[in-house]
Amino acid sequence: MSEPALHLRGIAKSFGTTAVLEGIDLAIAAGEFVALVGPSGCGKSTLLRIAAGLEAPDQGQVLLGGQDVTARRAADRDMAMVFQSYALYPHLTARQNMSLPLVMRRLTAAERLPFAGALSAVRAKIAAIGNEVAAAAEMLKITALLDRKPAQMSGGQRQRVALGRALVRHPRAFLMDEPLSNLDAALRVHTRGEIVELHRRAGVVTLYVTHDQEEALGMADRVAVMLGGRILQVASPDAIYRDPAHVDVAAFIGSPRINLIPAFIDASGAAAVERHVLAPRLGGAVGSDVVLGIRPEHLRLTPEPGPGRLPARRERIEFLGAEALVHCRAEAGGTALIARMAPEAAERLRPHTHLHAAATPDALLVFDRQGHRIARQALATQEPAHAH
Amino acid sequence: MSRILRLVVLSLGAALVLFPFVFMVSTSLKPQAEVFSSSLKLIPEHWGAAENYWKAITRIPMGRILLNGVVVCAAIVMFQIVFALPAAYALAKLRFRGREALFALVLLGLLVPIHAISIPLYAAARTLGLLNTLAVLILPFTLSVFAIFLFRQFIKAIPDDLISAARSDGLCESAIVWRIILPNAWPAASAFAIFSVVAHWNDLYWPLIAISKTHLATPPLGLLFFRAAEAGDDYGALMAATVIITAPLILFFLFAQRLFIEGMTMTGLKG
Amino acid sequence: MPTSAKTRAAALESWAAWRLAGPTALLMLLLLVVPTLAVLALSFTDAELGASDITFLGLDAYTDLLTDRTFRGALRNTAIYVALVAPASILLGLGLALLIEAGTAGRALFRSAYFLPVVSLIVAMASVWQYLMHPSFGPINIALRAFGFAGVNWLGSSDNVLAALAVIGVWQALGFNMVLFLAGLTAIDRTLYAAAEMDGVRSAWDRFRVVTWPLLGPTTLFVTTISVINAVKVFETVATLTQGGPAKASETLLWVIYQEGFVYLHVGTASAMAVVFIALLLVLLLIQTRVLDRKVHYG
């Protein structure tokens, strides 16, 4: 890509002896919406704060539009942040909250003194700020709330004011730290769409941190999956889902969770769980341990045994309206499996307690012992490993 | 750089604030001649400590006075909590006729300082022949509206479910107060205890009015008697007396600093 | 539940409540209500402790009081004392709290050092200050002379005595105010400072103006109330060091009430003074909660 709008290069950070971030490299193109997703405690908020300038990295640089801003304090970086708790000034009205960043940037200390408002130049500036705040409020549909204080607003309204405070600045980048996690589920889904729409209209590069993988997949142009202080994969939502680079990425993304079955490559080149062959003609180093990943929608359950099928005992069926989830447990190895199908299909399986599971061909994901994904072609050319 | 500046300023300030204590101890060790000299030496050349401290202990019954202070303060706190806790619980969690009136009385009590109503209390004590007893030092303070107010705030925050569960276990209300509420309100109770002890240990006004016999004095009054008994300028002995008298609370504070500070702030912020 | 069972349950609850609160209510009656009414009643008379005849003076008791030179002097002295002690101890307490919060080194140490005067016996420390302030061999004057200044007659001069008492008062109070401000400062949400930084709030002064000061509002109100009320109640230092002198220059409200009621035994006059004292505290409390409360935000 041409010069990335926001580039986090070689970032490392430790707190005391704990390494929180290691070797982070993330380049975001102009106008892109990148979601940084991972479980709590993986370091994503720290990375966001480093990008903002609220923390300094131990190593690495933050580049904004090609310029190294690592040494600059946050107030000088021209980036706006939306906090999880919104961080609105409780003693100021919504209007004042949204005006503050513009006031701080455009009026000098002298002009901010209470009596300076008498000067016409200052008044002109304040009027201009007022107009911009009104415009942003209009876009966020909070014009009626402008004279209220945060304590007089609901969570969703406060969130919009926080967004407004960021929007009004027309910054070079938006940084969002789990802005939706304090909202209830229905509001969250609704606001998601609004944020995406706002981003589209503003066209500003956005780095969005969340622990909710569904949110990340639904909103972003690209998703960066982060675990244990490292970025495991950055790709489009579709690629992250269908083409995970690591078993941890596959496990984190997707709900319900992907089925992961430990297996090994037997003498015939098939992946087998104990004596059951699940994927004949897979190829790969004989004797090596692998993990097979099958998304619930790709797991086929039938009552009849057959080649390439794993026996499993049905445990329970969940009817969720538009679809059903069938929970079962593999006879060999005891792995829990979930299959996703139409309710009618699940109903047909109900009388049977012994089922057989298979993966739709080409939908099988294979991971090696270290968790790295092995592509199909690579499997076929592998040398036999030593027996373990 | 700013880190150093901060430390310098804070240290200078601390030195200014602590220098009275330093001089207090230093002077208590000096003989009279050195006290009157115009120098700022902290370590005395000749030791007058024995003489000064001996005077401090014998001119007034120092041990007895300190004991009085401890007994009076402990008794006051105990009574205050014993009376305040059930009332606070009733005000916080129970519905009854007259609840608003009772709470209005509590608020009234917060507005009226005890000094203002000392006159009728004194007259009553005198009529009852209670002057010059330890009882008279304790009784007027057994009621602490501040404690009621504070505990009520605290108890309101205790979940109702806890109390309902206790009731269905068969506990009567009074048992609930002592078995359930007190353990849960312990932070508030201990915070209040510290606040009350500091306030009453320091009180001069009421003992001055109610007590005239030295052996019944509390520490503030005892020190006043010492000043009267001692020749005007014997600062060495006076400082020795102040060292002995301030030592208990200061030592207590140094051992339990966090408890003290948190206690006094908590009562302040919630009250 | 059917109505009769409900009213029975409510009655039981009332009964239990009164069993718990009854003793306290009785104490309140005896130790609070009756004495307050007695003081009010006595204030309208010229009663004397020990004398048996009382004359009812009515409102004359108060008009006499307000023209009484001693009482007006006490009001004036108390006002001066409060004006000296309250602002100084509040500002110093705030300043110290800000300094301590600004860094991490030595916090507990400094907190305890500044708090030590608060837990020291006032009467005792007043005696220490008396020594420190002695005109000839007190360390303060010795140090002043060493720097070329003349010594000051602190407690012995009617011009300086209120200031000297104020110094002791500030010394005693600033630790408590500091600790209250510290609690208020730590209660401020840290992300607000992060948000302020993102908003372009750069200098420490701006941070104070935009975040710290507004959010300290409730704490400041509380500290001010407590400081003023405690300053009005000054007694121990006066009783120990000056007994109102020299030349009535340090006669404060409580001292005058004590003198009038327990030394001169003019119980009627003293009660009237006590009523004025209560009224004054009430007015101060009302002013602070009404006027300042409107400006203060309880975020």
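How many residues of chain C are in contact with chain B, and how many of chain B with chain C? Here are my notes, starting there.

1. **Ground rules.** This is a predicted model, in which local features need pLDDT of at least 70 and side-chain atom pairs count only at pLDDT 80 or more, while totals for chains, interfaces and linings use all residues. Residues are numbered from 1 along each chain as its sequence is written, chains are lettered from A and ligands numbered from 1 in the order in which they are written, and side-chain values use heavy atoms, with hydrogens and water left out.

2. **Chains C and B.** To settle the opening question, 86 residues of chain C are in contact with 90 residues of chain B, where contact means heavy atoms within 4.5 Å. There are 2 pairs of chains in contact, and chains B and C share the most contacts. Between them, chain C and chain B bury about 7,700 Å², 80% of it on carbon and sulfur atoms. Buried area here is the accessible area (1.4 Å probe) that two parts lose on being put together, summed over both. On the chain C side, Leu20(C), Leu121(C) and Phe262(C) lose the most area to chain B, together 9% of what that side buries.

3. Arg95(B) forms a salt bridge with Glu13(C), and their closest N and O atoms are 3.6 Å apart. Chain C and chain B also have 18 residue pairs in polar contact (both at pLDDT 80 or more). A polar contact is a pair of N or O atoms within 3.5 Å; within protein, one must be able to donate a hydrogen and the other to accept it, and residues adjacent in sequence count only if both atoms are side-chain atoms. Helix H1 (residues 3-43) of chain C gives the most to the side of chain C that touches chain B, with 20 residues. Helices (H or I, at least four residues) and strands (E, at least two) are DSSP runs, numbered from the N terminus.

4. **Chains A and C.** Here 24 residues of chain A are in contact with 21 residues of chain C. The two chains bury about 2,000 Å² between them, 60% of it on carbon and sulfur atoms. Tyr89(A), His91(A) and Met104(A) supply 27% of the area that chain A buries against chain C, more than any other three residues. The salt-bridge count for chain A and chain C is 3; one of the salt bridges joins Arg165(A) to Asp199(C), with the closest N and O atoms 3.7 Å apart. On the chain A side, E6 and helix H2 (94-106) are the elements that give two or more residues, and H2(A) gives the most, with 4 residues. As for chain A and chain B, they do not touch, and their nearest C-alpha atoms are 17 Å apart.

5. **A sheet in chain A.** Chain A has an open sheet of 6 strands in the order E6-E7-E8-E3-E9-E10, with mixed pairing; two strands pair if DSSP finds at least two bridges between them. Its edge strands are E6 (79-82) and E10 (230-235) of chain A, each pairing on one side only. Within the sheet, E3 (residues 33-37) and E9 (residues 222-227) of chain A run parallel, joined by 4 bridges, and Leu36(A) has Ala224(A) as its bridge partner in E9(A).

Note on methods
A salt bridge is a side-chain nitrogen of Lys or Arg within 4 Å of a carboxyl oxygen of Asp or Glu.
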